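Please look through the sequence and the model shown below before reading on.

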Amino acid sequence: MRDHSDLQSMNERSLAQQAAVRKATFSPSEKKTLRPFSIWEISQFMFDVPADTLRKKLADDPSLPQGTVEEDGRQRWFGLAEINELRRRLRFRGRTLLPKRPSGRAVRVAVSNFKGGVGKTVVAHHLANAAALDGYRVLVIDFDPQATLTHSMGLVEVKEWNTVWGIMCRDLCREADRIVAAYDDPADCPYPSSDELPEDVQSIGAQRVQDFIQKTAWSTIDIIPSCANAAFVEFASAQYRALHKAWSFFGCISRYLDELPDDQYDIIIFDCPPAIGYQSLNAAFAADILYIPSGPGYWEYDSTTSYLGQLGDAMEDISSGFASIAEDAGIRLPKRFDDIRLLMTRFEASNPLHLAMLDAFRNVFGADVCRNAIEMTRAVEQSGRFQQSVYEQDYRQMTRETWKRARQSFDAAYGEFKETVLRAWEQREDVDGAAA
């Protein structure tokens, strides 16, 4: 017979192996670093100018970042900070290299689906990296207790109070005190104040808004991480709801993000768990855009169908059951998304089944299906195996054409993602302008 101690022992053995894998994957210090980028990459994939034109600009102005030249003198390599300085200072025929950034707060995108293995984390990771290389400042939030995105970003030691669970504890304390303060006589409030909540909740609730945000190997990507210990957030959240029945638990992350300065980030990306619970509902209610990855098989289609129905039902139940609570908390119901997109992943254009499933998705969901699928290539497979995105992989470690094909697939998907984000930004600008 076996019990919980067997599970704990298996976990300990796995954690030891996990540490060894990360050490081999990142560096002896277990700290992930971002590789430099060549002039070929920068000119072709980032600035969209001829490499010789970029070289001439650098030669004409020695004050520009000059990168690091290989010993053989054949290639220059630039760090992300140098690339961003070039973006700020260079123009080509009057064209700025800075990405378009309408006014207002960051656009929030939830990458979510029921089924594991459809590429949620791969999509979130690659979109974040692509946006950073495009010049945007990105915040990623890992809602998944598997913490794959957190590990891929190079974080290996995360405490549960620094995760989404900590943000929910903080929100519960703040909301408890707000609700008490709404009564003329606090003694008339039937709900607890923050100092009546469990001590662990109170201690976490004292954290400041910026305390949850951590740096990554990418200078323009920050993260609110996850960890395996955060898996109990679903149980804890149910307990907290029982303690405080007026707490609008689904609005925690939205309220938290509203506290961030509008200009701190440009894009915020959520990596959601493969379930509908407290965390995924928080992600949905905080998101402006819902991005739904799906593999090209029937089971993925079936799972996506179930996800859409169950998420829709859950959000409808919240809209009707929490209407008065949400209004008092400043949450507008029913929740509305600026856009909902479905993205095909692990796609093989030579596979008749994949082509048939893509047609089926388009027949059912029409223009909501992204035009550009994520192709399955060797470079994509390696991105999951080595916890590196295609953008982080050094093209010299494989054939350039293999790497280039994978990069172009993700670039095409990112280009469409950027169109969606900019459209949401502009719609919000129009609404804000009309309201003013």
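How many of the six residues of strand S11 (residues 289–294) are buried? Six of the six are, and S11 is thus described as mostly covered; buried here means under 20% relative accessible area, exposed means over 50%, and partly exposed lies in between, with a 1.4 Å probe and protein chains only. The model is a predicted one, in which local features need pLDDT of at least 70 and side-chain atom pairs count only at pLDDT 80 or more, while totals for chains, interfaces and linings use all residues. Residues are numbered from 1 along each chain as its sequence is written, and side-chain values use heavy atoms, with hydrogens and water left out.

The protein has 16 helices and twelve strands, where helices (H or I, at least four residues) and strands (E, at least two) are DSSP runs numbered from the N terminus. Of its 436 residues, 52% count as buried. Among contacts between residues at least 6 apart in sequence, 79% join residues at least 24 apart, contact being defined as heavy atoms within 4.5 Å.

In a regular strand the side chains alternate between the two faces of the sheet. In S11, Ile289, Tyr291 and Pro293 point one way and Leu290, Ile292 and Ser294 the other way, and all of them are buried. Strands of a sheet pair through backbone hydrogen bonds, either parallel or antiparallel. S11 pairs with strand S6 (residues 107–111) in the parallel sense over three bridges, and Val109 has Ile289 of S11 as its bridge partner. S11 is also joined to S12 by six bridges, and these two strands run parallel; here the bridge partner of Tyr291 is Arg341 in S12. Two strands are taken to pair if DSSP finds at least two bridges between them.

These strands belong to an open sheet of seven, in the order S8-S9-S7-S10-S6-S11-S12, with mixed pairing. Its edge strands are strand S8 (214–215) and strand S12 (339–344), each of which pairs on one side only.

Turn now to a helix. In helix H9 (residues 233–243), Val233, Ala236, Ser237 and Tyr240 are buried. These residues cover an arc of only 100° around the axis, which puts them on the same side of H9; the arc is that of the directions from the helix axis to the C-beta atoms. An α-helix has 3.6 residues a turn, so residues three or four places apart point the same way. On the other side of H9, Phe235 and Ala242 are exposed. The cover over the buried residues of H9 includes helix H7 (164–181), helix H8 (199–205) and helix H11 (278–286).

The loop between H9 and helix H10 (252–259) holds His244, which counts as buried because its relative accessibility is 0%. Leaving aside neighbours within four places in sequence, His244 is in contact with Leu172, Ala176, Ile179, Tyr191 and Pro192. The C-alpha atoms of His244 and Ser193 are separated by 9.1 Å, although the two residues are 51 residues apart along the chain.

What empty space is left? Rolling a probe the size of a water molecule over the atoms shows where it is. On a 1 Å grid over the protein atoms alone, a cavity is a set of points where a 1.4 Å probe fits but cannot get out, and a pocket is an open set with protein on both sides within 12 Å along at least five of seven lines; lining residues have an atom within 4 Å of a point.

The largest pocket has a volume of about 710 Å³, and of the 21 residues that line it, the closest to its centre are Arg105, Asp288, Arg332, Lys335 and Arg336. H10, H11 and H16 each supply at least two residues of this lining, and the largest share, four residues, comes from H16.

A search of the whole structure finds one cavity of 30 Å³ or more. The largest cavity is lined by Val123, His126, Leu127, Leu343, Ile374, Phe410 and Ala413. Helix H5 (120–133) and helix H16 (400–435) each supply at least two residues of that lining, with the largest share, three residues, coming from H5.

Notes: Points joined across faces, edges and corners; volume = space filled by probe spheres on them.
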